[in-house]
Amino acid sequence: MTDLNQTALQKCADMTLDQMEIDTLIVGAGQAGVAMSEHLSKLGVPHLVLERNRIAEGWRTGRWDSLVANGPAWHDRFPGMEFDDLSPDAFASKDRVAAYFEAYANKFKAPIRTGVEVKRVVRNSDRPGFTVETSQGVIKANRVVSATGPFQRPVIPPIAPKDETLMQIHSAHYRNPQQLPEGAVLVVGAGSSGVQIADELRRAGKQVYLSVGAHDRPPRAYRNRDFCWWLGVLGEWDAEAAQPGKEHVTIAVSGARGGHTVDFRRLASEGITLVGLTKAFSDGKVSFQQDLADNLARGDENYLSLLDAADAYIARNGLDLPEEPEARRVFPDSECITNPLRELDLAEAGVTSVIWATGYSVDFSWLQVNAFDANGKPQHQRGVSSEPGVYFVGLPWLSRRGSTFIWGVWHDAKHIADHIATQRKYAEYRDASQRAADEHAPVEKLSLMGVS
Ligand SMILES: Cc1cc2nc3c(=O)[nH]c(=O)nc-3n(C[C@H](O)[C@H](O)[C@H](O)COP(=O)(O)OP(=O)(O)OC[C@H]3O[C@@H](n4cnc5c(N)ncnc54)[C@H](O)[C@@H]3O)c2cc1C
């Protein structure tokens, strides 16, 4: 970046917000907002990032205490900076990830304002661009990039009982085992969050019931390569859409305790009671679908298909990676799998808390533009929305499977920044007569970066 651009970016970050005019406004300074800012900075696009909390707030306060990244440090990072204090194969703690993004933003002096909430964005009726109402004044922006995250509103399904004797929290609000009352716990959802929380609670001495739905469960590592590597070389991170019927299939992986493969049978043998999908709560009882065996079988299928694809890749490319036949060994089924519970009397079983690891939805109530379909879903192509000048970054499957992940969002942000820079070039174009008029007009110094 030139000194001129850097000065101008700093100017954006230092100005008072009210009445500011900016070319591109990025809303949110998680990894998506930081990546957008890096790419726009490289392209010299004047911009400002507004973040209602702190940089990477999700990693600071939206995760449980012991969480580490699901991918190793060599993979779960941006290309421009390594985790200099970690082995490439280690799994960074959530606080280390937050510190990483803060340091990354500082590295290129990203023009980020923290503690400013964007409350409303509307298209201007009398001039191009958008009016943005923030908690610190009204600003004008030619373009708005929503980087407000894929996981904004914790979702607890309507089947949750209205039972005040039970402590019920979403996984977003789980912190550690000490937070829960004495007694057994039902964890609903066995994606990466549910399975890791259930395991942590069991290790803390709790009786745990884990409700397991459809899931993929790649091996943590196979033949000396982490699954992140396998998904990369096999083109899985780049898949453009979930396979039909697999839209709601969650992925169960864990970097906890140095990283290990999630094996539900092993978890059952260690004492977790597995149950099928949670169906309903009524009269102090919870019922479960009889789909546990099917869900485990489909998870196994996914696991084995990755081993097969990995073996084929190794053979095709003549790689010298050690064989690992024990990876195909199937753990024996425990009683809860062969004879699954249909129903559980919560009081009898001593269940005093329920953790809903049931995912998240988005909230775009602040973005009042024509960029959504009839169901309120963002309408876009690789993040370029149907409302000219509005962009989304960081959404699930924005361009591919990797889009919500640390490494993937960086590439999506690059594409969007390129689109913005190209649009600016079109806007700057002057035809022959305009250029001739320019030559005869007194030179008027334009504001450095489109900020006035
Ligand atoms: C439990 C969990 C573990 C994960 N582990 C990994 C992992 O190991 N590796 C990986 O690659 N991915 C992981 N992910 C997925 C993904 O990396 C994270 O969800 C990540 O936080 C997404 O980054 P983001 O910038 O898109 O959104 P967020 O981190 O959610 O950032 C959005 C930001 O926007 C701000 N914001 C929202 N609305 C407004 C507004 N109106 N005005 C101003 N600011 C606003 C928020 O305060 C927030 O800081 C994990 C996700 C979860 C839930």
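Two strands count as paired where DSSP finds at least two bridges between them, and β4 and strand β21 (residues 367-368) are joined in the parallel sense over two bridges. The structure described here is a predicted model. Within this pairing, Val121 has Leu367 of β21 as its bridge partner.

**The pairings of β4**

Strand β4 (residues 118-123) also pairs with strand β5 (residues 130-134), here in the antiparallel sense and over five bridges. Val122 stands opposite Thr131 in β5. The hairpin formed by β4 and β5 has six residues between the strands, and in this hairpin Gly129 takes a positive phi near 90°.

**Domains**

According to the domain assignment, the protein consists of domain 1 (3-152 + 362-439) and domain 2 (154-356). The C-alpha centres of domain 1 and domain 2 are 33 Å apart, and the contact draws 16 residues from domain 1 and 20 residues from domain 2. On the side of domain 1 that touches domain 2, the residues divide into six nonpolar, seven polar and three charged.

**The parallel sheet**

Five strands make up an open sheet with parallel pairing, in the order β8-β19-β9-β10-β15. The edge positions belong to β8 (167-170) and β15 (273-275), each of which has a single partner strand, so one side of each is left without a neighbour in the sheet. From one strand to the next, the twist averages 20°.

Strands β9 (residues 184-188) and β10 (residues 208-211) of this sheet pair in the parallel sense over four bridges, and Val185 has Val208 in β10 as its bridge partner. Helix α5 (residues 192-203) packs on the sheet, where it touches β9, β10 and β19 (351-356), and the direction of α5 makes about 170° with that of β10.

**The antiparallel sheet**

Another open sheet is built from three strands in the order β16-β17-β18, with antiparallel pairing. Its edge strands are β16 (278-282) and β18 (343-345), each of which pairs on one side only. Neighbouring strands of this sheet are turned by 20° against each other on average, with direction ignored. Strand β17 (residues 285-288) runs antiparallel to β18 and is joined to β18 by three bridges, with Glu343 in β18 as the bridge partner of Ser287.

| Strand pair | Sense | Bridges |
|---|---|---|
| β4 and β5 | antiparallel | five bridges |
| β4 and β21 | parallel | two bridges |
| β9 and β10 | parallel | four bridges |
| β17 and β18 | antiparallel | three bridges |

**Packing of α2 on α11**

Two packed helices are described by the angle between their axes and by the distance between the axes. Helix α2 (residues 31-42) and helix α11 (residues 406-428) pack at an angle of about 40°, and their axes are 8 Å apart. That angle makes α2 oblique to α11, and the crossing of the helices α2 and α11 is right-handed.

On the α2 side, the contact involves Gln31, Ala32, Ala35, Met36, His39 and Leu40, which meet Ile406, Val409, Trp410, Ala413, Lys414, Ile416, Ala417 and Ile420 in α11. The residues of this contact between α2 and α11 divide into 11 nonpolar, two polar and one charged.

Definitions and conventions: Residues are numbered from 1 along each chain as its sequence is written. This is a predicted model: local features need pLDDT of at least 70, side-chain atom pairs count only at pLDDT 80 or more; totals for chains, interfaces and linings use all residues. Axes are lines fitted to C-alpha atoms, for helices over the stretch in contact, and angles run from 0 to 180 degrees between N-to-C directions. Angles under 35 degrees count as roughly parallel, over 145 as roughly antiparallel, 65 to 115 as roughly perpendicular and the rest as oblique. A crossing is left-handed if the near helix is turned anticlockwise from the far one by less than a right angle, and right-handed if clockwise. Two residues are in contact if their C-beta atoms, placed from the backbone, lie within 7 Å. Ala, Val, Leu, Ile, Met, Phe, Trp, Tyr, Cys and Pro count as nonpolar, Asp, Glu, Lys and Arg as charged, and the others, Gly among them, as polar. Domain bounds come from an automatic or database domain assignment.
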